[in-house]
Amino acid sequence: MATPAAPARPRRIAIIGGGPGGLYAAALLKRLDPARDITLWERNAPDETFGFGVVLSDETLGGIEHADPVVYEALRRDFVRWDDIDIVHRAFSQTSSGHGFAALGRHRLLEILHDRCRSLGVELRFRTEAPHPDALAREYDLVIAADGVHSATRAAHAEVFRPRITEHRCRYIWLAADFALDAFRFEIAETEHGVMQLHGYPYAADASTVIVEMREEVWRAAGFDELGEQESVERCAKVFSDALRGRPLRSGTSTWTTFRTVVNDRWSHGNTVLLGDAAHTTHFSIGSGTKLAVEDALALAACLEEQPDVHAALTAYEEERRPVVASTQRAARASLEWFENLRLYVGQPARQFAFNLLTRSRRVTHDNLRLRDARFTEAVECEYGCAPGTPPMFTPFRLRGLTLRNRVVVSPMDMYCASDGVPGDFHLVHLGARALGGAGLVMTEMVCVSERGRITPGCAGLYTGRQAEAWRRVTDFVHTRAPGTAIGVQLGHSGRKGSTRLMWEGMDEPLPEGNWPLVAASALPYKPGGQVPRELSRAQLTDVREQFAAAAWRAARAGFDLLELHCAHGYLLSGFLSPLTNRRTDAYGGSLEKRLRFPLEVFDAVRTVWPAERPMTVRISATDWAEGGTTAEEAVEIARAFAAHGADAIDVSTGQVVAEERPEFGRSYQTPFADRIRHEVGVPVLAVGAISSWDDVNSLLLAGRTDLCALARPHLYDPHWTLHAAAEQGYDGPGVVWPAPYRAGSRPPRTGRTDAPRPRLSLDR
């Protein structure tokens, strides 16, 4: 049935759900227009709620103060504020200050909002199920569904909202302690059953929220699945008796549960709109659920005032809030997964562990943590091995016989500017400029091992002596003009992704003419309608392996310091690794062990001819971002196999294996895969992908998530990115050297006039 047209300004409003988001929306909308008829349904009693304390940020409080000073003043009187975070790990307690939290009891928050709604004339119907959302949509001008993570409204129109709900790997329970913790406390317990963690914070002068969390398998091994409610509470109190000072815990109405991430493709349907947890959820470890719900209410009320009608307002509301929520959910996902994988980090040094925990969501970074607590950050740097005044990114790193003077890598970037595979003046200038720009290691684009192994006609190669001589010109320049900078070559074969146009003429599109035949692990085209490659025969596998070895021999003679084998992004060797692209039934297909066989044979052949003192790395796609593809667990085993064969480091990328991939883009979004490989395999890693600032680089290194950071697009934007990073941090040491002709520019230039006299007196007239 069609939804009736709504008036320009909604006069009759129905709200489903009496949590903070729904209540605050009701209060705001009634305050903005007292003539509105607003009814709120809540199936529970007024004093029934989930959890104990609520944390709100200064930003959210500022929005509340501006929109409703009465609510803000009531909240302000009851807030508990503190600045410290305590991290207890293996009986070693670390405190970081300067964070600024405000919390109050959830019951008190609801009381304040109940009182405000009643004083404004909102009708609150407790212990009452709301009518079906369709019935409300017909009777009311606007229906706000704030009915939580298990939203019945969302379920009633799932075909419109298209929710995606993900259950995660940990069990947790909300508890309370009848005393106030001194700080926000994280405590780690390594038990015989596995790792458990406590998240706790004060919300009143005599009360604290305590959340106990652990992975599902740990929860079961510890027997929590067989314990009653009170027995579970007592067991938790015993595990964390030090944090609780021997005091008991209480549970209220909470039970063990798993967190569910809720994402919806749409937030509105006709005159019905989702708000808060009904639209999106964020893991409690970043404390943003109530914050986002309140901010949703603020934005929705503002859009209803600003837009000409309800439908325009709901569209504007979603456009405004969706990017903010998506960013917060990415941070929450990073935090959630960090705690899911906590067992990987418990062996870190105490200060690094604390820093890793604090920066887990990537919202707190090295630079802003330094502003909050310089003493703590300096202690972490000292433990890491930073000399005084040296940022982590400018510490050296050794790979086999090669010592890199800093941790910055210019990532391989295809330029498509070669002629017959020969690098020319463009490559000399492109790579030479970035070598002069201060990075510790500069990588070539993927250099192809055969003419038919090129991606495009513009790809560079190392399958002729002429090409090797041209590359020698580049390496000689780097070693002569940028001494201390290393240059590496990435060797690869296009496989089924070859014979295509230059990127700017149509990425992955076949050539209009002059196409060459393709080969791959299996006869599967990269894109529907694309050229179907031939499945490589045993004899052809031998030929390709020898092509890689010959190219590596030429690379050594050309003077490269490091060689990387390209086993990622759907090119030939990557095509053997992924089950989506390898459908072979012989010894080179099927199980992961068999899919690894040919890439490992190529690695061994290259390692044999590559000088023993020079390092070799391998780039892999740690996930295909597609159902049935390489998993994160398989990526660990792939890395382990290459490390066992002598890889000095693993360059961890993702995707580009199948055209139908659905990557989860975001800031440094591939780093968790590198982090996991580093800790599970014990091999050095390069992190790559959406790492754009020197603050990100310092944060990732200091947290122990990577050993090197490879940056691509930032070096296209600024060839001297590393030099400028040093200047902006006030660093002038051995980790980066300005070329003699550039030293006059080693300080950021002044902008605007700075010699104007400062005001000294203020005269009243």
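Predicted model: local features only at pLDDT ≥ 70, side-chain atom pairs only at ≥ 80, totals over all residues.
Me: What makes the protein chain as compact as a globular protein of its length?

Reply: The secondary structure of the protein chain comes to 26 helices and 28 strands. Its radius of gyration is 29 Å, and because this is close to the 27 Å that the globule rule gives for 765 residues, the chain is as compact as a globular protein of that length. Along its principal axes the C-alpha trace spans about 85 × 70 × 70 Å, and buried residues make up 58% of the 765 residues. Of the contacts between residues at least 6 apart in sequence, 72% join residues at least 24 apart.

Me: Why are strand S8 and strand S15 said to stand at the edges of their sheet?

Reply: The sheet in question is open and consists of six strands in the order S8-S2-S1-S9-S16-S15, with mixed pairing. Strand S8 (123-126) and strand S15 (268-269) each have a single partner strand, so one side of each is left without a neighbour in the sheet.

Me: How do you know that strand S1 and S2 pair, and in what sense do they run?

Reply: Pairing requires at least two bridges between the strands, and strand S1 (residues 12-16) is joined to S2 by five bridges, in the parallel sense. Within this pair, Ala 14 stands opposite Thr 39 in S2. Strand S9 (residues 142-145) and strand S16 (residues 272-274) also run parallel, joined by three bridges, and here Ala 145 stands opposite Leu 274 in S16.

Me: Why is strand S2 called largely enclosed?

Reply: Five of the six residues of strand S2 (residues 37-42) are buried, so the strand is largely enclosed by the rest of the structure.

Me: What makes Asn 271 buried, and which backbone oxygens does its side chain reach?

Reply: A residue is called buried when its relative accessible area is under 20%, and because the value for Asn 271 is 1%, the residue counts as buried. Asn 271 has its place in the loop between S15 and S16. A polar atom of its side chain lies 2.9 Å from the backbone oxygen of Tyr 140, and the side chain also reaches the backbone oxygen of Asp 141, at 3.2 Å. Polar contacts are counted within 3.5 Å, and the distances of 2.9 Å and 3.2 Å are set against that limit.

Me: Which strands are the edge strands of the sheet of seven strands, and how do you know?

Reply: This open sheet has the order S6-S5-S11-S12-S13-S10-S14, with mixed pairing. Its edge strands are strand S6 (92-96) and strand S14 (257-264), as each pairs on one side only. Direction ignored, neighbouring strands of the sheet are turned by 25 degrees against each other on average. Inside the order, strand S10 (residues 163-177) and strand S13 (residues 207-215) pair in the antiparallel sense over eight bridges, with Leu 175 opposite Val 210 in S13.

Me: Is Ser 254 buried or exposed, and what is it in contact with?

Reply: Ser 254 is buried, because its relative accessible area is 1%. The residue lies in the loop between helix H10 (241-244) and S14. Leaving aside neighbours within four places in sequence, Ser 254 is in contact with Phe 50, Gly 51, Phe 52, Ile 173, Trp 174 and Glu 229, and its side chain reaches the backbone oxygen of Trp 174 at 3.1 Å. Ser 254 and Leu 175 are 79 residues apart in sequence, yet 7.2 Å apart in space, C-alpha to C-alpha.

Me: How many disulfides are there, and why is Cys 236 in none?

Reply: The count comes to zero disulfides, where a pair of cysteine sulfur atoms has to lie within 2.5 Å. The closest cysteine sulfur to that of Cys 236 is in Cys 170, 13 Å away, and this is too far for a bond. Cys 448 is likewise in no disulfide, with the nearest cysteine sulfur, that of Cys 459, 4.5 Å away. Cys 236 is buried, with a relative accessible area of 1%, and Cys 448 counts as buried at 0%.

Me: Why is Gly 628 called exposed?

Reply: Exposed means a relative accessible area over 50%, and because Gly 628 has 51%, the residue is exposed. Gly 628 is found in the loop between strand S25 (616-621) and helix H22 (632-644). Leaving aside neighbours within four places in sequence, Gly 628 is in contact with Pro 579 and Leu 580, and its C-alpha atom is separated by 6.7 Å from that of Leu 580, 48 residues apart along the chain.

Terms used. Residues numbered from 1 in each chain as written. Heavy atoms only, no water. Helix = DSSP H or I, 4+ residues; strand = E, 2+ residues; numbered from the N terminus. Axes fitted to C-alpha atoms, helices over the stretch in contact; angles between N-to-C directions. Buried < 20%, exposed > 50% of the residue type's maximum accessible area, 1.4 Å probe, protein only. Contact = heavy atoms within 4.5 Å. Polar contact = N/O pair within 3.5 Å; in protein donor to acceptor, adjacent residues only side chain to side chain. Rg over C-alpha atoms; globule rule 2.2 N^0.38 Å.
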